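Good morning, and thank you for joining this meeting. Please look at the structure on the screen while I go through a few of its side chains.

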Amino acid sequence: MVLMKAVRIYGKKDVRVENIPIADPRDNQVQIKVKYCGICGSDLHAYLEAWGLPTEPHPLTERTLPITLGHEFAGEVVKVGANVTTLKKGDAVAVEPLIACGKCDNCRRGDYNFCNRVFAPDGAGNFLGFSDDGGFAEYANVQEVFAHKMPAGMSYELGALAEPTAVVFEGIKRSGLHEGQNVAVLGAGPIGLLTALLAKIAGADNIYIIDVSKSRLAKARELGIKKTLDPLKVDVVEEVKKDCPNGVDITFEAAGVQATFDSGLKLTRRNGTFQIVALFGRPVTIDLTNDLIMNGIKIETTLAYNNSFTSVLGMLKNHPELFEKIITKKIGLDDVVEEGIKTLAFDKEQVKILVSPEK
């Protein structure tokens, strides 16, 4: 029996690096030799809180713990299932790690990120790395339809950024952002930084990014986002309204706490859009009449992405020097917890940590 190294989660704060069997891909799958897999904030929540993990058989995958973590990955196709026609051995692919049935009403209309059959009573996520094995391993099996061939010459590091960039791209799409609009981004973590970067690529005029971390704001400036604001030092609303007296056209919430939610409503112009990109760990309160209805503010939300990876890979291909700056550290599988997940929780110098099974 051939074994591979994998990072498996058994429950809250219980992650183990193990040698497990390499299963052959099913007929509609390809097997990928993983080159890089990014660590996401949701991996941190899975580790600290057992968030999004299947404690009972998942409705589609029938999997329960333990699960191989990791959902932001890219690699080389090494085996193909009997029914695979669009990919071959040696292809470089970025993985769209969604789990969907492909048959329900939402899947058939293209909204497969809201697959009606994927809802799990225990709150398990509809992603590889949560409800089926993911990319913190030497090899991973992925449905053909969710393995996207990368542009020629693109690095596997950039391929691993496709998934978080797709999250942001979905928010940009839902917000209706177009060239010349003014934008505020609350939170300068990986998702906030990518949001500001994509807004810049999309042609936004004034782009403000707001955070209390000096290092994160410095990273934003490194990406070409010049208007960085620290709410501990300045009145953010007052500063933004010096250039945009009526507020910004679109505010992107990428922090996910009550304080930034409140600030976002104040930053958004009347009849503007408040786009939620972050997940909130706790309920938020809102004065629906005075904050929203009387100001005509539209709240939009997103969940993952759909039909975005082709566009996202094109952006990564055309702006590699910018996206590469998001990557701040590379580690091996043995170091995922101490040098990866725990480091992200406390070290604000880190933005995107990539894990390579080959290190």
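I begin with Q181, whose side chain reaches the backbone nitrogen of H178 at 3.0 Å. Such a polar contact is a pair of N or O atoms within 3.5 Å; within protein, one must be able to donate a hydrogen and the other to accept it, and residues adjacent in sequence count only if both atoms are side-chain atoms. This is a predicted model, in which local features need pLDDT of at least 70, side-chain atom pairs count only at pLDDT 80 or more, and totals for chains, interfaces and linings use all residues. Residues are numbered from 1 along each chain as its sequence is written, and side-chain values use heavy atoms, with hydrogens and water left out.

Q181 counts as buried because its relative accessibility is 11%, where buried means under 20% relative accessible area (1.4 Å probe, protein chains only). Leaving aside residues up to four places away in sequence, Q181 touches G176, A204, D205, N206, D249 and I250; contact here means heavy atoms within 4.5 Å.

I turn now to the aromatic rings. The structure holds six aromatic pairs, that is, rings of Phe, Tyr and Trp (its six-membered ring) with centres within 6.5 Å; planes under 30 degrees apart count as stacked, over 60 as edge-to-face and the rest as tilted. F261 and F274 have ring centres 5.3 Å apart and planes at 55 degrees, so this pair is tilted. F261 is buried at 6% relative accessibility, and F274 is buried at 0%.

Finally, F127, Y305 and F309 form one aromatic cluster.

How values were computed. Buried < 20%, exposed > 50% of the residue type's maximum accessible area, 1.4 Å probe, protein only.
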